[in-house]
Amino acid sequence: MAEAEGSSPLVLPPPPPPPGMAEVEVPTAAETDKKQFSCPGGGTMDVERSRFPYCVVWTPIPVLTWFFPIIGHMGICTSTGVIRDFAGPYFVSEDNMAFGKPAKYWKLDPAQVYASGPNAWDTAVHDASEEYKHRMVGEPLLRGTRVAASPQPSLTPPILHLQHNLCCDNCHSHVALALNLMRYNNSTNWNMVTLCFFCLLYGKYVSIGAFVKTWLPFVLLLGVILTVSLVFNLR
């Protein structure tokens with residue numbers, strides 16, 4: 001019988017699978033993205049909520065990173081992904097990273113923790129954070145132990161003690177202390193230089209936008225400097 005004019009063709013349902021053969025579910029794009037951020041040591045990365053389990057995280061510092069793109073602010077995350085970072089004198093923030101959300105993360109392996117005791121990773125992060133809650137520039141230190149302040153009153157305001165040391169004892173040092181306490185990779189020689197190098201080498205940007213945010217100001221400044229140099233040289 002000829003098909004009636006204007007009627008849509010009849011669509012038959014697909015045949016059922018052969019007996020004994022299960023249907024294969026195709027994962028959605030969201031599920032695929034989630035699997036790409038799952039951590040082998042447990043937990044799942046969530047960039048939107050800034051959750052990076054067993055990671056060292058890094059974010060640019062305005063102006064400073066514009067001139068030196070490898071220098072920024074660093075923090076270390078707990079096993080559940082909560083960020084702890086030394087944000088200033090007497091202050092270690094939690095779940096609120098200074099200078100904004102992480103732009104880059106360096107995934108570490110909890111199996112490389114050689115410190116004894118249960119939950120050694122979180123214990124080391126907690127102890128390092130508690131230690132840096134007492135850190136201040138100019139504070140007298142003796143073999144890593146804080147010395148009690150003099151009981152004699154001082155007539156000079158402790159201006160030095162209100163400054164944050166960006167060169168010698170900073171956010172990188174806080175992360176290094178946590179790694180030393182947990183003996184990550186069976187080492188107690190972590191410092192700000194090695195962390196800066198490894199984060200540059202193994203760190204991954206959370207997005208293309210984070211990469212642009214880090215490098216674009218430096219490229220623009222470099223372009224301006226080169227342009228000005230060429231203009232003066234051609235005169």
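Two strands are taken to pair if DSSP finds at least two bridges between them, and on that basis the sheet of this predicted model can be described.

The protein contains six helices and eight strands, which run from the N terminus in the order α-β-α-β-β-β-β-α-β-β-α-α-β-α. Of its 235 residues, 32% count as buried, and the accessible surface comes to about 15,500 Å², with 64% of that area belonging to carbon and sulfur atoms. Among the contacts with a separation of 6 or more, 65% are made by residues 24 or more positions apart.

**The sheet and the helix across it**

Six strands form an open sheet in the order 4-3-2-1-5-8, and their pairing is antiparallel. Its edges are strand 4 and strand 8 (204-205), each of which pairs on one side only. Within the sheet, strand 1 (residues 55-60) and strand 2 are joined in the antiparallel sense over five bridges, and P60 stands opposite G72 in strand 2. Helix 5 (residues 192-202) lies across strand 1, strand 2, strand 5 and strand 8, and runs at about 100° to strand 5.

**Two loop residues**

S79 is found in the loop between strand 2 (72-77) and strand 3 (83-88), whereas P102 lies in the loop between strand 4 (91-94) and strand 5 (104-107). Their relative accessible areas are set out below.

| Residue | Relative accessible area |
|---|---|
| S79 | 15% |
| P102 | 8% |

Because buried means under 20% relative accessible area, S79 at 15% counts as buried, and P102, with 8%, is likewise buried.

The side chain of S79 is joined to that of D122 by a polar contact of 2.6 Å. When residues up to four places away in sequence are not counted, S79 touches P53, Y54 and W121 as well as D122.

For P102, leaving aside neighbours within four places in sequence, the residues in contact are S50, F52, V57, W58, T59, I83, M97 and V206. One of these contacts, V57, is 45 residues from P102 in sequence, yet the two are 5.9 Å apart in space, C-alpha to C-alpha.

How values were computed:
Residues numbered from 1 in each chain as written. Predicted model: local features only at pLDDT ≥ 70, side-chain atom pairs only at ≥ 80, totals over all residues. Heavy atoms only, no water. Helix = DSSP H or I, 4+ residues; strand = E, 2+ residues; numbered from the N terminus. Buried < 20%, exposed > 50% of the residue type's maximum accessible area, 1.4 Å probe, protein only. Contact = heavy atoms within 4.5 Å. Areas by Shrake-Rupley, 256 points an atom, 1.4 Å probe, with all protein chains shown as cover. Polar contact = N/O pair within 3.5 Å; in protein donor to acceptor, adjacent residues only side chain to side chain. Axes fitted to C-alpha atoms, helices over the stretch in contact; angles between N-to-C directions.
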